[in-house]
Amino acid sequence: MSVTDENTTVVIVGSGVAGLALGNFLLRSGIDCVVLERHSREYVEQRQRAGVIDPRAARMFREWGLEDRVLGGAPSRRC
């Protein structure tokens with residue numbers, strides 16, 4: 001087997017919760033990424049369609065050490 005040196009940059013389309021979480025996971029693994037979003041940062045931070053984070057998703061982000069980065073200010077639904 002031969003070993004090759006590759007540089008890979010991942011492009012993530014959309015800066016919703018899933019896109020931002022994926023970006024964090026990739027960066028933590030040493031993989032460069034770019035998140036593309038057609039709206040301004042201000043729009044994304046204020047939009048309601050970012051959704052409600054259910055308790056299971058909040059627990060998952062907490063366990064992965066991303067709670068502060070992903071959930072900061074996100075509304076959550078209590079079940």
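## Basis of the model

The model is predicted: local features need pLDDT of at least 70, side-chain atom pairs count only at pLDDT 80 or more, and totals for chains, interfaces and linings use all residues. Residues are numbered from 1 along each chain as its sequence is written, and side-chain values use heavy atoms, with hydrogens and water left out.

## Nonpolar surface patch

Together, Val 11, Val 13, Val 34 and Leu 36 expose about 370 Å² of accessible area as a nonpolar patch on the surface. Patch residues have over 30% relative accessible area and no salt bridge; like charges are joined within 9 Å, and nonpolar side chains (Val, Leu, Ile, Met, Phe, Trp, Tyr) within 5 Å. A salt bridge places a side-chain nitrogen of Lys or Arg within 4 Å of a carboxyl oxygen of Asp or Glu. Areas follow the Shrake-Rupley method with a 1.4 Å probe, and for residues only the protein chains shown count as cover.

Val 34 lies in strand β2; strands are DSSP runs of E with at least two residues, helices runs of H or I with at least four, numbered from the N terminus.

## Helix α3

In helix α3 (residues 55-63), Ala 57, Ala 58 and Phe 61 are buried (buried: under 20% relative accessible area; exposed: over 50%; partly exposed: in between; 1.4 Å probe, protein chains only). These residues lie on the same side of α3 because they cover an arc of only 100° around the axis, taken from the directions from the helix axis to the C-beta atoms. Arg 56 and Glu 63, on the other side of α3, are exposed. Gly 65 follows α3 and has a positive phi, near 75°.

## Leu 22 in helix α1

Leu 22 belongs to helix α1 (residues 17-28) and counts as partly exposed because its relative accessibility is 38%. Leu 22 and Cys 33 are eleven residues apart in sequence, with 9.3 Å between their C-alpha atoms.
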